[in-house]
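Colleague: I have a model open on my screen and would like to learn how to read it. Could we go through it together, one question at a time?

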Amino acid sequence: MNVILTAVAVLCIIGAVSSAILYVISQRFKTIEDPRIEQVLEALPAANCGGCGFPGCNGFASAIVKSDTMDGFYCPVGGQTTMDNIARILGRTADVSTKKIAVVRCNGTCEHRPRTNIYDGASNCAIAAALYGGDTGCSFGCLGLGDCVDSCLFDAIHINPETMLPEVVEDKCTACGACVKACPKNLIELRKQGPKSRRIYVSCMNKDKGGIARKSCEVACIGCSKCQQVCPFDAITIENNLAYIIDDKCRLCRKCVPVCPTNSILELNFPPRKESKEETAKAEA
Amino acid sequence: MLKTFRIGGIHPAENKLSAGKKIVNAALPAQVMIPLAQHIGAPCQPIVKKGDKVKVGTLIGKSVGFVSANIHSSVSGTVNKIDKVMDASGYKRDAVIIDVDGDEWEPTIDKSDTLKRECNLSSKEIIEKIAGAGIVGMGGATFPTHVKLTPPPGLKADTLIINGVECEPYLTSDHELMLEKAEEIFVGTEILMKAVDVKKAVIGIENNKKDAIARFTEISKSYPGIEVQPLKVKYPQGGEKQLIEAITGRQVPSGALPISVGAIVQNVGTTFAVYEAVQKNKPLFERIVTVTGKEVKNPCNVRARIGTPIKNLIEIAGGLPDDTGKVISGGPMMGKALPNIEIPVAKGSSGILIIPYSEAKRKAMKDCIRCAKCINVCPMGLNPTLLMDLTEFQIWDRAEKQKITDCIECGSCSYTCPAYRPLLDYIRLGKGKVTGIVRARKN
């Protein structure tokens with residue numbers, strides 16, 4: 001009996017002493033976390049995608065609370081509403097930034113781009129890209145093995161089994177940029193979503209000379225610069241035989257689309273074109 | 001008891017179909033495409049332009065940076081253009097395209113076949129000559145030889161190892177070269193010994209080349225300091241670190257260069273190129289290529305000028321067989337499948353292997369059954385299945401700790417895997433990523 005009592009007493013003493021030590025230490029080394037970090041964290045979507053450039057939502061919250069401005073901070077998943085909420089918590093004002101969306105700049109479907117090889121190695125774009133340029137004549141185009149699909153946390157990009165090209169689901173894409181980093185061919189770009197999701201872009205990354213590009217893919221940009229000449233807003237640049245539309249300058253007039261001899265400029269979500277008066281007149285005559 | 005390395009290794013079917021076939025000279029092509037990046041390191045700067053007349057051996061690409069090698073014209077004729085051409089990397093890269101006209105050599109080159117043994121040059125002069133001739137490691141890695149012969153300060157080699165292992169199945173180009181140019185290789189070895197100032201050289205040859213071992217042992221009697229070491233047949237014995245261990249018993253520490261254990265390794269093909277460069281003033285513009293395959297009518301060893309399209313070599317071997325699954329540049333273990341047969345021969349093309357469709361087709365991957373066969377065969381003592389998973393899930397810090405950068409890409413793991421898992425494909429990807437991360441951290 002005595003043994004049990006002694007044991008209990010000893011344990012109590014050890015417990016009391018340790019709790020005293022722990023209390024003193026916890027008081028001495030107390031860390032005061034800014035309560036706003038918790039509030040900001042609650043306002044964030046908790047996707048932990050890293051699209052903001054910080055390691056997860058927690059990293060973003062601590063960084064934005066520590067910083068004095070809203071510059072350089074943007075949660076692509078939450079978008080403008082989230083940023084407004086955070087700004088309210090921190091007593092700052094959020095800049096209005098435009099919503100962006102991922103765009104795949106390759107239109108080399110099976111019918112446009114004849115296959116020259118068969119790849120049956122590991123089903124991973126990065127591995128295939130390290131081996132060679134791809135199973136068509138174009139070494140810049142989509143390999144269709146779905147590294148972008150694997151990288152997407154929001155189920156917003158899928159390979160279309162008919163075209164073997166990735167397609168972005170507009171409602172789901174948060175422009176976190178994971179697919180941009182995953183694509184070894186650098187085909188995916190974040191572009192302005194545009195009013196009513198209307199966008200115009202050059203759906204090609206082929207930097208070969210015109211003739212070679214055209215031979216390997218029917219819808220390749222051949223760098224003919226017709227679109228550049230027709231653009232009234234100086235929004236199109238041609239570099240390395242490849243046209244690029246600067247989305248900050250583009251006013252969506254669509255003049256470049258019909259002049260492209262290879263149909264490599266794509267327009268999305270526009271209403272169907274009205275036939276111009278001249279053409280109607282011709283048809284009537 | 002034959003020597004070999006201690007851990008791992010496999011013994012794939014040798015299939016040396018072209019063994020014993022005399023080297024034939026390939027006819028000059030009508031046009032050559034000489035890539036400006038035929039070595040590890042920075043691509044060359046072209047120093048010729050359209051319309052320039054060149055002779056055989058004229059310098060056409062000048063090396064830029066320390067790790068780089070000169071490139072010479074392999075034919076005489078007129079530069080047609082400098083354009084992007086698909087090379088063995090599978091991508092279009094800059095190449096000098098020359099229209100062939102006759103076969104006029106630079107007058108400085110000694111075209112005779114006579115053996116020239118004496119070499120009175122100093123170590124520095126020899127290395128300069130090797131650098132000038134644009135010699136790279138001819139076993140396939142294409143690392144510039146003059147860089148390898150210039151060890152970092154404070155380190156000194158005591159043994160020169162000549163790699164006559166040729167452990168890749170099918171390939172016989174080194175074997176045939178050893179039989180036909182044995183004396184020249186010995187002189188080349190002496191020159192290399194002088195260049196790195198060592199008194200001892202060992203030529204390692206696998207025991208499946210008994211004729212070469214016999215001939216080399218005979219010749220070595222008149223070359224003091226050079227000995228011949230027969231080795232047990234085991235893949236990947238031709239790997240630098242494996243060969244050093246097999247011959248000297250020393251293990252190269254992880255991440256270190258072979259020089260840290262006092263060894264320098266050179267391939268027999270490189271040694272022969274060194275002989276020709278130093279004694280005959282002949283830059284590296286041709287090499288021996290094995291053209292082989294089970295369906296190939298006439299497997300052979302061809303001496304081809306750099307820049308010859310490989311389809312010309314396939315013609316010499318009897319044309320492309322009907323049953324062609326893949327055309328591989330190099331051997332079946334470490335070689336690389338080519339997207340077409342217009343690709344030019346480069347300094348690192350040791351072989352062209354044509355494999356039938358049934359063998360080329362990769363079997364569908366199944367789940368890992370944790371049999372640990374890949375761990376058993378890995379000559380670097382790594383855990384391939386773990387490295388593959390770490391790469392797949394992009395856990396780079398653990399991959400680095402598991403020494404993914406030590407992988408020599410020999411492919412023993414993929415070869416042995418009963419579930420047909422593409423282990424090496426993933427490990428190679430992860431190795432590249434981790435190397436990039438480590439380099440970024442250092443800068």
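Colleague: Is the crossing of α3(B) and α7(B) left-handed or right-handed?
Modeller: Keep in mind that this is a predicted model. In chain B, look at helix α3 (residues 173-180) and helix α7 (residues 268-280), whose axes come within 9 Å. Where α3(B) crosses α7(B), the sense of the crossing is left-handed.

Colleague: At roughly what angle do the axes of α3(B) and α7(B) cross, and why is α3(B) called oblique to α7(B)?
Modeller: The angle itself is roughly 45°.

Colleague: Which residues of α7(B) does α3(B) meet?
Modeller: From α3(B), the residues taking part are B:Asp174, B:Leu177 and B:Met178. By class, this contact has 4 nonpolar, 1 polar and 1 charged residues. On the α7(B) side, the partners are B:Val268, B:Gly269 and B:Phe272.

Colleague: What is the angle at which α3(B) and α5(B) pack?
Modeller: Helix α5 of chain B covers residues 210-220, and its axis lies 9 Å from that of α3(B). The crossing of these two is left-handed. They pack at about 35°.

Colleague: Which residues of α5(B) make the contact with α3(B)?
Modeller: α3(B) contributes B:His175, B:Met178 and B:Leu179. Sorted by class, the contact holds 4 nonpolar, 1 polar and 2 charged residues. The residues from α5(B) are B:Asp211, B:Ala212, B:Arg215 and B:Phe216.

Colleague: How far apart are the C-alpha centres of domain 1 and domain 2 of chain B?
Modeller: The domain assignment gives chain B a domain 1 (123-280) and a domain 2 (373-442). They touch through 6 residues from domain 1 and 6 residues from domain 2. On the domain 1 side, those are 2 nonpolar, 3 polar and 1 charged residues. The distance between the C-alpha centres is 28 Å.

Colleague: And how far apart are the centres of the two domains of chain A?
Modeller: In chain A the assignment lists domain 1 (35-90) and domain 2 (100-268). Contact involves 5 residues of domain 1 and 6 residues of domain 2. The domain 1 side has 4 nonpolar, 1 polar and no charged residues. Their C-alpha centres lie apart by 31 Å.

Colleague: Is chain A spread out or compact, and what is its radius of gyration?
Modeller: Chain A has 11 helices and 8 strands, and its C-alpha trace spans about 115 × 50 × 30 Å along the principal axes. For 285 residues the globule rule gives 19 Å, and the value for chain A is well over that, so chain A is more spread out than a compact globule. Its radius of gyration is 28 Å.

Colleague: What is the radius of gyration of chain B, then?
Modeller: This chain has 14 helices and 17 strands, and its C-alpha trace spans about 65 × 50 × 50 Å. The globule rule gives 22 Å for 443 residues, and chain B comes close to it, so chain B is as compact as a globular protein of that length. The value is 21 Å.

Colleague: Last one: how many residues of chain B are in contact with chain A?
Modeller: Start from chain A, which brings 12 residues to the contact. By class, they are 6 nonpolar, 5 polar and 1 charged. From chain B, the number is 12.

Terms used. Residues numbered from 1 in each chain as written. Chains lettered and ligands numbered in written order. Predicted model: local features only at pLDDT ≥ 70, side-chain atom pairs only at ≥ 80, totals over all residues. Axes fitted to C-alpha atoms, helices over the stretch in contact; angles between N-to-C directions. Helix = DSSP H or I, 4+ residues; strand = E, 2+ residues; numbered from the N terminus. Left-handed = near helix turned anticlockwise from the far one by under 90°. Contact = placed C-beta atoms within 7 Å. Nonpolar A, V, L, I, M, F, W, Y, C, P; charged D, E, K, R; others polar. Domains from an automatic or database assignment. Rg over C-alpha atoms; globule rule 2.2 N^0.38 Å.
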